[in-house]
Amino acid sequence: MSEVHIPLAAIKGRGAATQLAHRFERDAREAFDDGWTTLDEGQAEHREPLRTEVIWENARSVITSNESPDVYFERSVNPYRGCEHGCIYCYARPSHSYLNMSPGLDFETKIVAKRNIASVLRHELSKKHYEPKLIAIGTVTDCYQPIERELRLTRAVIELMHETNHCFSLVTKSSGVERDLDLIAPMAAKGLASVSVTITSLDAELTRKLEPRAAAPHRRLRTLRTLTENGVPTAVSLAPQIPFLTEDMEQVLEAAWDAGARSAFYHVIRLPWEVSPLFKQWLEVHYPQRAARVMARIHDMRGGKDYDADFATRMKGSGPWAELIGQRFRKACERIGFNRKHIVFDTSQFRPPGMQGQGMLF
């Protein structure tokens, strides 16, 4: 019997096309054609839209430390695990495997929310020997993903940062950050806050497929403008750069500069663990004609592999294609004016918080 190729189908509003089995599962299941048209009938059936499910978690600690030489921050806080934005390239997808959930659709639809994040963070900041350093918020999954509108966990964290004069930075693809300008802008005026907005491309058709539930590119540019008009230092993140897909780096940088951003950075696409098969499925669904070319260039940047986790190359890649992307970025930044000043955060203003429920003497 000859092999039959079963086409994948896009799911409206979601990045992944399948409930990919995670790497710790013993059994993996996939649909196949048994010759009785049952597969076609199943695909033709009306599918109910996938709904987002919130899973509450009581965290025991919330400040994560890292010593990675290629990361600019030492400490981070993440209110959520999983992300509704559904970016197909998200390097955090494999983290859902540790929760016995799929890095595919589960990552986008089953969001773990740390309900006690503010109280645990308060306890950690109030420790006797705590030394203030920059805390990066939302470095793994977006701290302003859609459910933040209702849950307000990120705002609770920023309220604590505001109360204690603790410096922080955050990165987002969402216009939701504008809601918290009443807290962020006063802190930025004291040298305590900055915001990075990710814009992978100005191509709205591409970003709808690549980042299905994130804000449109023009809306992110407006967010940059709103932040800078309110005195918040802003950066534009062009991460990730994907060969033959995100081809408008220079145009993104020019638009971000016009919107007020004065810092910029990029990474090339990373495909660790289950992200690799998910991204290949996504290419098959949306860009089958160029899928082989895209993967060939990724291999050129990763020593012939889908991914190389070496600290020296994991963010920027290696080889001629990686160097070409780097040269384009550096020359464009030099021409436009990016990265001539670096944001300096003032940790001396930090004041430890009172424990929750504890009255203030003065």
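This briefing covers the nonpolar cores, the salt bridges and the surroundings of one lysine in the structure above. The model is predicted. Its largest nonpolar core holds 64 residues, and a second, separate core holds 29. The salt bridges come to 19, and some that share partners form a network of six named residues, E148, R155, E159, R179, D180 and D182.

**Nonpolar cores**

- Within the largest nonpolar core, the residues that touch the most other members are L170, I184, V236 and L253.
- Beyond its neighbours within four places in sequence, L170 contacts I137, C143, Y144, I158, V177, I184, S194, V195 and S196.

- R219 and E178 form a salt bridge through their side chains, with an N to O distance of 2.9 Å.
- This pair links distant parts of the chain, the two residues being 41 residues apart.
- R219 belongs to helix α8 (residues 217-229), whereas E178 lies in the loop between β7 (168-172) and α6 (181-189).
- R219 counts as buried because its relative accessibility is 18%, and the limit for buried is under 20%.

- In helix α11 (residues 291-301), R297 and D300 are three residues apart, about one turn of the helix.
- The side chains of R297 and D300 meet in a salt bridge at 2.8 Å, N to O.
- D300 is partly exposed, since its relative accessible area is 34%.
- R179 and D180 also meet in a salt bridge, at 2.9 Å from N to O.
- With a relative accessibility of 30%, R179 counts as partly exposed, whereas D180, at 0%, counts as buried.
- R179 and D180 both belong to the network of salt bridges with shared partners, which also includes E148, R155, E159 and D182.

- K280 is part of helix α10, which spans residues 275-286.
- Its relative accessibility is 36%, so K280 counts as partly exposed.
- Leaving out neighbours within four places in sequence, the contacts of K280 are M295 and D306.
- K280 and I88 are 192 residues apart along the chain, while their C-alpha atoms are separated by 9.8 Å.

Conventions. Residues numbered from 1 in each chain as written. Predicted model: local features only at pLDDT ≥ 70, side-chain atom pairs only at ≥ 80, totals over all residues. Heavy atoms only, no water. Core = buried A, V, L, I, M, F, W, Y, C linked by side-chain atoms within 4.5 Å. Buried < 20%, exposed > 50% of the residue type's maximum accessible area, 1.4 Å probe, protein only. Contact = heavy atoms within 4.5 Å. Helix = DSSP H or I, 4+ residues; strand = E, 2+ residues; numbered from the N terminus. Salt bridge = Lys/Arg side-chain N within 4 Å of Asp/Glu carboxyl O.
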